[in-house]
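Try each task before you read its solution.

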Amino acid sequence: MLRKVRDQVKKHPGLIPQFFFICLGMGGAFLYLFRLARGPHVTWNKRSNPEPWNKLSPSYQYKFVAINTDYKNLKKDGPEF
């Protein structure tokens, strides 16, 4: 398979940027999924910590980008578990 790709790139050098950006996009998608899987609200072992989101502080920024929300001034509404 890689030999066919190499032969096509030799015949058509205009494919090099296309392969580069495809690999860049796939790498970025993998890193983003890895970041989501390692988040503090995700549990992989339900026996040790079945509800990890209860341990987060109210000032924890849940969103990847928060434009209008100032998480530093939030106060927790509810009891401590």
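**Exercise 1.** How many aromatic pairs does the count come to?

*Solution.* Keep in mind that you are looking at a predicted model. A pair of aromatic rings is described by the distance of the centres and the angle of the planes. For rings to pair, their centres must lie within 6.5 Å. By this rule, there are two aromatic pairs. Start with F20 and F21: the ring centres are 5.2 Å apart and the planes meet at 70°. Planes over 60 degrees apart count as edge-to-face, so F20 and F21 form an edge-to-face pair. Then take F30 and F34, with 6.5 Å from centre to centre and 20° between the planes. Planes under 30 degrees apart count as stacked, and the pair of F30 and F34 is stacked.

**Exercise 2.** Find out how F30 and F34 are placed along their helix.

*Solution.* Both belong to helix α2, which spans residues 15-37. F30 and F34 are four residues apart, so about one helical turn separates them.

**Exercise 3.** Decide for F21, F30 and F19 whether each is buried, partly exposed or exposed.

*Solution.* First, the cut-offs: buried means under 20% relative accessible area, exposed means over 50%, and partly exposed lies in between. F21 has 54% relative accessibility, so F21 is exposed. F30, at 57%, is exposed too. F19, a residue of helix α2, has 32% and therefore counts as partly exposed. Together with I22 and M26, F19 makes a nonpolar surface patch of about 290 Å².

**Exercise 4.** Which residues does the UniProt annotation "transmembrane region" cover, and what does the chain look like there?

*Solution.* The unreviewed UniProt entry gives residues 15-37 for this annotation. Over residues 15-37 the chain is 100% helix and 0% strand, with 33 Å between the end C-alpha atoms.

**Exercise 5.** Now step back and describe the whole chain.

*Solution.* Begin with the elements: the chain has two helices and zero strands. Next, look at burial: 5% of the 81 residues count as buried. The chain exposes about 7,800 Å², and 62% of that comes from carbon and sulfur atoms. Finally, consider contacts between residues at least 6 apart in sequence: 7% of them join residues at least 24 apart.

**Exercise 6.** Where does K55 lie, and how far is K55 from H41 in space?

*Solution.* K55 sits in the segment after α2. With a relative accessible area of 65%, K55 is exposed. K55 and H41 are 14 residues apart in sequence, and their C-alpha atoms are 9.2 Å apart in space.

Terms used
Residues numbered from 1 in each chain as written. Predicted model: local features only at pLDDT ≥ 70, side-chain atom pairs only at ≥ 80, totals over all residues. Heavy atoms only, no water. UniProt positions renumbered as here; feature names shortened; annotations may be inferred. Buried < 20%, exposed > 50% of the residue type's maximum accessible area, 1.4 Å probe, protein only. Contact = heavy atoms within 4.5 Å. Areas by Shrake-Rupley, 256 points an atom, 1.4 Å probe, with all protein chains shown as cover. Phe/Tyr/Trp six-rings, centres within 6.5 Å; stacked < 30°, edge-to-face > 60°. Patch = residues over 30% accessible without salt bridge, like charges linked within 9 Å, V, L, I, M, F, W, Y side chains within 5 Å. Salt bridge = Lys/Arg side-chain N within 4 Å of Asp/Glu carboxyl O.
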